[in-house]
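Let's take a walk through this structure, one stop at a time. Keep the model open beside you and find each spot as we reach it.

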Amino acid sequence: MARQRSSLPTTLTGGPFLVRDALGEGLSRSRLRGGDLTRPFRGARLPAGSDGLIERCRAYAQHRALDFAFSHTTAALFLGVPLPLGLDPAMHVSVPAPGRAPEIAGFVGHKLTDWATVEREGLPITTPAQTWIDLAPLLPLRELVVAGDHLVAERAALCTREELAHRIAASAGRRGIARARRALDRVRPGSESPGETRLRLLLIDAGLPMPDLNREIRDGDVFVARVDLAYPTAKVALEYEGDIHRVDRDVWRKDLRRRERLADLGWRMVRVSGDDIAHPAELLTRVRRLLQE
């Protein structure tokens, strides 16, 4: 008969804990290898099934209480920045220079000369502008613009284009800084989703005019719609539609009413999906034709 696993002390059941604390509570090393615990890094344990971003970061915060901040893609996740799939899953931690960068398996350590942090979920992370600069060597140009648009979005801005520009000026010589300069030229307040940003960049890269972002359309003084991208002179609007527009019946009905009201005002609505952005030839041909008409 298998031996019954001993219960953890209540002081260790609320989240991550350090091995040294568990040993101090009387637990054996064999108990700390139990299947109900996971090891985010050497010297720390987490309850199995709770090895997510925040819990792993909390474990690290117990390991190093002062003078650190989560950075790069880790800080970006705390800020809700949309990141492409396939990035290195390692956690990123920065310390103020000239301190020693952390060397822990599963974590990538960095040193920062200009030290400033903000707090998310009770944990320190690099500022939004610094996080964007740190992403520059890790992301393709278009995805760096997507990240920048998210940070400067008008409805819930986390920083401004001016703050991004200031960080670029203060980071001369860093890896990826040339890409950050090119990206900043294309970052615009007003985009409200990664799909909208990618659609705008697709149009511009194809040589089409810069559209208005999230343009309000009115019938006299009456609000009719707010469209993702618009060419007001040609009365052409483009809407990027995620899955919610397809699977949510109320959203679908609302979209139908909006399209009918816009059509009554002479607007042509182009509905765009992720497939259109991945294979854009037909979409671009249609938009060019509508603008010429």
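## A walk through the fold

The side chain of Arg186 makes a polar contact with the side chain of Asp205, at 2.3 Å. Bear in mind as you look that this is a predicted model. Arg186 sits in the loop between α7 (177-184) and α8 (194-205).

On the α5 side the contact is made by Leu141, Leu144 and Val145, while α7 brings Arg179, Ala180, Arg182 and Ala183. As for handedness, α5 and α7 cross in a right-handed way.

Now follow α5 to another partner, α4. How do these two run relative to each other, parallel or antiparallel? Their axes come within 10 Å and cross at roughly 175 degrees. Angles over 145 degrees count as roughly antiparallel, and α4 and α5 are therefore roughly antiparallel to each other.

In the loop between α4 and α5 you'll find Leu138. With a relative accessible area of 30%, Leu138 is partly exposed. Leu138 and His72 are 66 residues apart along the chain, yet their C-alpha atoms are separated by 8.6 Å. Leaving out neighbours within four places in sequence, Leu138 is in contact with His72, Thr73, Leu87 and Arg179.

Next, the inside. Which residues touch the most other members of the largest nonpolar core? That core has 40 residues, and the answer is Tyr60, Phe70, Phe107 and Trp132. The elements that give two or more residues to this core include α2 (53-63), α3 (72-78), β5 (91-96) and α6 (161-169). The biggest giver is α5, with five residues. Zoom in on Tyr60 and, not counting residues up to four places away in sequence, you'll see it touching Phe41, Phe68, Phe70, Val93, Pro102, Ile104 and Phe107. There is also a second, separate core of 15 residues, and among its members are Leu199, Leu229, Val272 and Ile277.

Leu199 takes us to α8, which meets α12 (residues 281-292). The axes of these two helices come within 11 Å and cross at roughly 70 degrees. That makes α8 roughly perpendicular to α12. Leu199, Leu202 and Leu203 in α8 meet Leu283, Leu284 and Val287 in α12. The crossing of α8 past α12 is right-handed.

Most residues other than glycine have a negative phi, and most peptide bonds are trans. With that in mind, look at Asp67, in the loop between α2 and β4 (69-70). Asp67 isn't a glycine, but its phi is positive, about 55 degrees. Glu121 is another such case, with a positive phi near 55 degrees. You'll spot Glu121 in the loop between β7 (117-120) and β8. Glu121 has 48% relative accessibility, so it counts as partly exposed. As for the peptide bonds, a cis one joins Ala97 and Pro98, with omega at about 10 degrees. Pro98 lies in the loop between β5 and β6 (107-112).

Our last stop is Arg31, in the loop between α1 (19-24) and β2 (37-38). Is this arginine buried or exposed? The cut-off for buried is under 20% relative accessible area, and Arg31, at 8%, is buried. The side chain of Arg31 makes a polar contact with the side chain of Asp36, at 2.8 Å. Apart from residues up to four places away in sequence, Arg31 touches Arg5, Ser6, Leu8, Asp36 and Leu37. Ser7 is 24 residues from Arg31 along the chain, and the C-alpha atoms of the two are separated by 9.4 Å.

Terms used. Residues numbered from 1 in each chain as written. Predicted model: local features only at pLDDT ≥ 70, side-chain atom pairs only at ≥ 80, totals over all residues. Heavy atoms only, no water. Helix = DSSP H or I, 4+ residues; strand = E, 2+ residues; numbered from the N terminus. Polar contact = N/O pair within 3.5 Å; in protein donor to acceptor, adjacent residues only side chain to side chain. Core = buried A, V, L, I, M, F, W, Y, C linked by side-chain atoms within 4.5 Å. Buried < 20%, exposed > 50% of the residue type's maximum accessible area, 1.4 Å probe, protein only. Contact = heavy atoms within 4.5 Å. Left-handed = near helix turned anticlockwise from the far one by under 90°. Axes fitted to C-alpha atoms, helices over the stretch in contact; angles between N-to-C directions. Parallel < 35°, antiparallel > 145°, perpendicular 65-115°, else oblique.
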